[in-house]
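Here is a short report on the fold at hand. Keep the sequence and the 3D view open while reading.

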Amino acid sequence: MTVKTITGCNRLFSAKTPNPLVSMIRLSDTTEISQVLQFGFFTVWLRAWNTPCQPLFGHKKCDFSDGTLTFLQPGRTATPEIWKPETGQSEGWLLCFHDSVYNPLKTGKSSREYSFFRYATRESLHLSQREMAVLEREMDEIGEELHWGVDEYCYTILAGRIRLLLDYASRFYRRQFILRHNENQEMLERTDRELEIFFQTGKAQYERFPSSEDFARLFGCSPDYFNDMLKHETGKDTEDYVKFKQIACAEYLLKRGTESVEEVAARLGFPTDREFCTLFKRLKGKTPSDFISRAGIKHLN
């Protein structure tokens, strides 16, 4: 079922509509819904667990197990497992907000990029009891503000409340990446091997460079999750990390001394020698020729 408006969502879950652009629904007080839903707005699902978390949400042994937070951008589908346990009544909280409320959060001095709205459901955030208490408090504050009705201040206050909740989610996702460090390192090592093969075998001459989408398919995750994991572990996003490995491979090939600067540039997929030299100097502080001369490398050429 497609749910295009927040008013329609409230009607579906038998909830009131104090504001047509923002809604806070306590699912235990709503009508039972059993079909798959597709929403035309942003949704945030908070659920406490009294039983083990379902595999749908991607829970790992190193994660907390007291609650789960799932984010869906407009157009994504939600299955009943998100709000309904295997047995019993629906539970948890559902926050809905229109993109006209979300878009201002991405602009201005306090802009944010909440990429977890594009994560897969199996990349949900798994929460501790303390984190659950913080998020429940913030959802209660949003619900309390909705009871004031619509006036000239409501959207400024609601946007601020939603931003705070999303910033807490960003903090907790960083904590989850820390707990998953060992697993992340395995992904990073595999990424390094793939990039070394790509550059050293000369594939860069005739194939496009690997992207976050390519690595996401390799690891069975979403592109944004992989990109955020990589940035957490290395400080670089996928595009910058590929360039970093490209230059690292250039160092290896130059030290080997069997190819000229021009040949190394071609092997690594640079359109011109000049672009190769410019990037090498920007990242290493010296040109390839200076690198060769200072290292005392003798080339066959």
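**Basis.** This is a predicted model, in which local features need pLDDT of at least 70, side-chain atom pairs count only at pLDDT 80 or more, and totals for chains, interfaces and linings use all residues. Residues are numbered from 1 along each chain as its sequence is written, and side-chain values use heavy atoms, with hydrogens and water left out. Helices (H or I, at least four residues) and strands (E, at least two) are DSSP runs, numbered from the N terminus.

Strands pair through backbone hydrogen bonds, either parallel or antiparallel. Here, two strands count as paired if DSSP finds at least two bridges between them.

| Strand pair | Bridges | Residues standing opposite |
|---|---|---|
| β2 and β7 (93-97) | Five | Val 22 and Phe 97 |
| β4 and β5 | Six | Val 44 and Phe 71 |
| β5 and β8 | Three | Thr 68 and His 126 |

**Strand β5.** Buried means under 20% relative accessible area, exposed over 50%, and partly exposed in between (1.4 Å probe, protein chains only). Six of the six residues of β5 are buried, so this strand is largely enclosed by the rest of the structure. In a regular strand the side chains alternate between the two faces of the sheet. From β5, Gly 67, Leu 69 and Phe 71 point one way. Thr 68, Thr 70 and Leu 72 point the other way.

**The three-stranded sheet.** A second open sheet runs β1-β3-β6, with mixed pairing. Its edge strands are β1 (2-3) and β6 (77-78). Two bridges join β3 (residues 37-39) to β6, and the two run antiparallel. Leu 37 has Ala 78 as its bridge partner in β6.

Contact means heavy atoms within 4.5 Å. From α4, Arg 174, Phe 177 and Ile 178 meet Tyr 225, Asp 228, Met 229, His 232 and Glu 233 in α7.

**Two serines in loops.** Ser 124 sits in the loop between α2 (99-102) and β8 (125-127). At 1% relative accessibility, Ser 124 is buried. Its side chain makes a polar contact of 2.8 Å with that of Thr 70. Such a contact is a pair of N or O atoms within 3.5 Å; within protein, one must be able to donate a hydrogen and the other to accept it, and residues adjacent in sequence count only if both atoms are side-chain atoms. Leaving aside neighbours within four places in sequence, the contacts of Ser 124 include Phe 57, Tyr 173 and Gln 176.

Ser 14 lies in the loop between α1 (6-12) and β2. Ser 14 is partly exposed, with a relative accessible area of 48%. Its phi is near 60 degrees, a positive value in a residue other than glycine.
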